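Please write a short report on the structure shown below.

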Amino acid sequence: DNNTVRNDITLYPRIDTWTYNVEYNGNGGICDIPVINNISCDQIHEIEDIDKVERECYFFKEWNTKPDGSGTDYQPGDYLDGAYFISRNNDSIVLYAIWESAVVNVIFDGNGGDVEFESKQVNSGQVYGKLPTAENMGFSFQGWYTDMEEGQLVSENTIVSKMSDHY
């Protein structure tokens, strides 16, 4: 009889593990972290440290799945679970650096004269904005400088390049 079962046959699926890539984007800063390719979806990926990421006049805040910071945020040392992110084989996850500017207190030293206002807070990486005037009898105000003798002229449109309080 041709319908008689004589031996069991076992069939096995051949499966390839899907992989994903992680790309780190400096988002306005410099990022020297290379793309990490072919991470198996059944593995987790530890979020990179910030030692290879920098942006002048800004502090690193977090990594985020959206460049405006509205996505999922991650700190260095957190883990990505590839199975959660990947919808098809060989997808990439881009993590964007999110930056915060430093709030800096600027002191206006009238050098013996009267100053319209003596200090203001500004954000590093932004312009100084409105600057006070200074009056000192017998002297003509020439503007604000980064140093008494050798400094550079600072105007309302000058970008704040120091991340610490300054005069």
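V104 has V122 in strand 12 as its bridge partner. The two residues belong to a pairing in which strand 10 (residues 103-107) and strand 12 run in the antiparallel sense, joined over five bridges. Strands here are DSSP runs of E with at least two residues, numbered from the N terminus, and two of them pair if DSSP finds at least two bridges between them. This is a predicted model, in which local features need pLDDT of at least 70 and side-chain atom pairs count only at pLDDT 80 or more, while totals for chains, interfaces and linings use all residues. Residues are numbered from 1 along each chain as its sequence is written, and side-chain values use heavy atoms, with hydrogens and water left out.

In a regular strand the side chains alternate between the two faces of the sheet. Buried means under 20% relative accessible area, exposed means over 50%, and partly exposed lies in between (1.4 Å probe, protein chains only).

Another five strands are listed in an open sheet with mixed pairing, in the order 3-1-9-6-7. Its edge strands, strand 3 (36-40) and strand 7 (73-74), each pair on one side only. Within the sheet, strand 1 (residues 19-25) and strand 9 (residues 91-101) pair in the parallel sense over six bridges. E23 stands opposite V94 of strand 9.

Aromatic rings come next. The whole structure holds six aromatic pairs. Rings of Phe, Tyr and Trp (its six-membered ring) pair if their centres lie within 6.5 Å; planes under 30 degrees apart count as stacked, over 60 as edge-to-face and the rest as tilted. The pair of F60 and W99 is edge-to-face, because the ring centres are 5.8 Å apart and the planes stand at 85°. F60 lies in strand 6 (residues 58-64) and W99 in strand 9, so this pair ties together parts that are 39 residues apart in sequence. Ring pairs also link Y24, F60, W63 and W99 into a cluster.

Most residues other than glycine have a negative phi. N27 is in the loop between strand 1 and strand 2 (30-31), while N38 lies in strand 3.

| Residue | Relative accessible area | Class |
|---|---|---|
| F60 | 18% | buried |
| W99 | 12% | buried |
| N27 | 24% | partly exposed |
| N38 | 53% | exposed |

The last topic is the largest pocket, which holds about 760 Å³ of space. A pocket is an open set of points on a 1 Å grid over the protein atoms alone where a 1.4 Å probe fits, with protein on both sides within 12 Å along at least five of seven lines; lining residues have an atom within 4 Å of a point. Of the 28 lining residues, D109, N111, G143, W144 and M148 are the closest to the centre of the pocket. Strand 10, strand 13 (134-135) and strand 14 (144-145) each give two or more residues to the lining.

Notes. Helix = DSSP H or I, 4+ residues; strand = E, 2+ residues; numbered from the N terminus. Points joined across faces, edges and corners; volume = space filled by probe spheres on them.
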